[in-house]
Amino acid sequence: MNVENVELNSVEKVDSDNQGMQATLNAVLSTQASRYFFITVWAVALSAIKGWWIALIWYVVTLGTGHMRSIIENRFRKRSTRSTGQFEKIYPYIAMLTGVFWAVAPLLAWTSGEVFGQHMALIMIASGYLLVLSQFRASPLSALIVSMPYTITVFYFGWDSVNSPEFWQFIAALPVLFSAIAFALIFNLICQSKMEQANRDRLKVMKELEQARLEAEKASEAKSMFLANMSHEIRTPMNGVIGMAELLTNTALDGRQRIFAETIHKSGAALLMIINDILDFSKIEAGKLELDLAPFDLHSSVEDVAALMSAHANEKRIELIVRIQPGLGRMLVGDGGRIRQVVTNLVSNAVKFTYQGYVLINVTGEEFNANTKIRIEVTDTGVGVEEEKIHKIFDAFQQADSSTTRVFGGTGLGLTISKCLIAEMGGKIGAISEIDKGSTFWFEIELPVYENNDSARKLIFDANKRRVLIVDDTAVNRQILIEQFISWGFQPQAVPCAQEALDVMRRNADKGDAFALAILDYQMPGMDGEDLAREIRADASICETPLLVLSSVDRSGDSRRFRDVGVEGYLIKPARAALLYETAVDIVQRAELETAPADERIAKLETVSNKTTALPVLRRRILVAEDNEVNQLVIRHMLDSNSYEIVMTGNGREAVQQFETDPEGFDIVLMDVSMPEMDGYEATQAIRQYESTAQKQPTPIICLTAHVMASDVDRSQQAGMDDFLSKPVSKAKLDGVLDRWLNDPADVQRAQMD
């Protein structure tokens, strides 16, 4: 059922029938204001024919009883529905008692002896009937009860005028009086009928809306269940495809076979990204997107994305650059995973639409109070987007080129999901672009600073303004490296080409101010980094300068070739800031150590901490509960048999039995969720119950599942699992989880004892 149609059609019908009537009722049924107006007019009329003091006494007494009636009404309205129902039964009699005081005014006017007294009395009676019957919204019987004082007064007027000349005047006035009474009664009945019909229509609308809401909730729940099941069913075979392809690429393959294996792995990874996008979009549509707020390292998160996307950038021969504002805080509180997802989407698009040049990830921020407002920009030198299409590309399933002949693929969901995620975090996202010159996509969010931040990196080396030469043909790279080395305490100088580098190095050497380190870009026009390194080593005046080469392409044999040339360090771009710093410091320290006098060299060597004797390898025992044979094979081959002893079981019941009966015990358990006989949740609860009864230390249990909804993570935690690993599982993710849960100081001590 369409909730919007039900609501609009039904409500419009009710409103069209009752809009005019409701306005009339609102004007007429303002009871207190109408009462005070009528009582004041009657008091003025009485003062003219009966005297002001009689009118004043009647006005005060009648006003007081009316006020008491209003107090009683308000008190009953504030009580429960049951009390209100009882009040409706006795209210006509309360109103009748107060009407007695009102009926005194016509009696006083009738008996005043003034010329217009009896005419005034009849006018008061008529207006009194109209007031009472129009304001009293109840049954006709209740209306007759309330108007009883006026009816008795009318009979008195008729009896009193029987033997007087005014009798026929009274008789002539009765049709007018009865017409007024009839009008008031009919008006009251019409109003009552309309209001009852309006209430019935509204109740019907409410029932229809409630039914529609229940049906919509059921449909949303069914949709979520369908997506969860489909995700599981798709991810389970995808785990075999991607896992086996990854293992295959690590074997001895010829060139043709390696292309096939890598194509399978890349295609599987692309399909997995589409599945994840569809799931995220469905969560957003259903309003079930939840953020997992926790401390995270902003610098590492951005560098992780760069490391992930660098391979794709290298394939296209474009440079991926990361710039993080020096001094910007590292540890913040937010959903680090979702922030990485947004950055990945932006960088992936930038790499996809760039043929030459670079992609720059620029992270800046402003700290104030206990918060940091971060801004992340992803700038590329790609094809660009037309200005009129910029606002459309953030809509679902929209792309800048949506024609059937479009060059670039994709679902068009990445930017939509990113927009929704940033909005959920309270931030904003946007883009600026120019055709054939590139684009800049950016987002801003404000996050709290993690207060218990004890992970801030401390400089381990006093650079003391040591001179560093930076050689790179890309201006952005030069600017970023200068910024980084200044923040680390060095004194950098940058040049755009190899020839300028040689000239600067020779001039400084002649002055006796040689560089402590030269950082060379590998891919440069004319003379590349390798040729420049050979020239430096061939020149006696500058051959002692330590060299560090940065390359955007990681080719087999490059590291060995650079060592043969005499290069001390070799890193792949984009190099993590911490790794670049540590490598540069290590090169500088080793170079200074080698050139220092013998006694000074010995003193420096003594300050270096002693290397710990290598510990024997501890072969860990892993219990795997997995019913799918392909997934069993994938996990078995991903784990190094020299480091792990694997015990494989086919369902949860077998896993529990193996855990309870194995004499050696297990260091960790990998538990699938969807298994026959006993699922992973039940098996985990059984293991935890056994550990509690046997008074054993809890064994880490990792949820290994194709279910990836937030509710699945919560359910795994409630069952007693310690971590969550979604399928398809990559070797890197599996190794990371095992390393996190198995590398404990107690294990090191156990290895030493063995």
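Arg688 and Glu691 are three residues apart in helix α21 (residues 680–694), so about one helical turn separates them. Their side chains meet in a salt bridge, with N to O at 2.9 Å; the term stands for a side-chain nitrogen of Lys or Arg within 4 Å of a carboxyl oxygen of Asp or Glu. Arg688 is buried at 17% relative accessibility, and Glu691 is buried at 3%. Buried means under 20% relative accessible area, exposed over 50%, and partly exposed in between (1.4 Å probe, protein chains only).

The model is predicted: local features need pLDDT of at least 70, side-chain atom pairs count only at pLDDT 80 or more, and totals for chains, interfaces and linings use all residues. Residues are numbered from 1 along each chain as its sequence is written, and side-chain values use heavy atoms, with hydrogens and water left out. Helices (H or I, at least four residues) and strands (E, at least two) are DSSP runs, numbered from the N terminus.

- The whole structure holds 27 salt bridges.
- Glu444 pairs with Lys373, the closest N and O atoms being 3.9 Å apart. This pair links strand β7, which holds Glu444, to strand β5 (residues 371–380), which holds Lys373, across 71 residues.
- Glu444 is buried at 13% relative accessibility, while Lys373 is partly exposed at 36%.
- Both residues belong to a salt-bridge network made up of Lys373, Arg375, Glu377, Lys428 and Glu444.
- Arg467 and Asp513 form a salt bridge at 3.3 Å, N to O. Arg467 lies in strand β8 and Asp513 in the loop between α14 (498–510) and β10 (517–521), so the pair ties together parts 46 residues apart in sequence.
- Arg467 counts as buried at 16% relative accessibility, and Asp513 as partly exposed at 34%.

**Positive phi outside glycine**

- Arg317 has phi near 60 degrees, a positive value in a residue other than glycine. Arg317 sits in the loop between α10 (298–315) and β2 (319–324) and is exposed, at 61% relative accessibility.
- Asn464 also has a positive phi, near 55 degrees, and is likewise a residue other than glycine. The loop between β7 (438–448) and β8 (467–471) contains Asn464, which is exposed with a relative accessible area of 57%.

**Cis peptide bond**

- The bond from Lys573 to Pro574 is cis, with omega near -10 degrees.
- Pro574 lies in the loop between β12 (569–572) and α17 (577–595).
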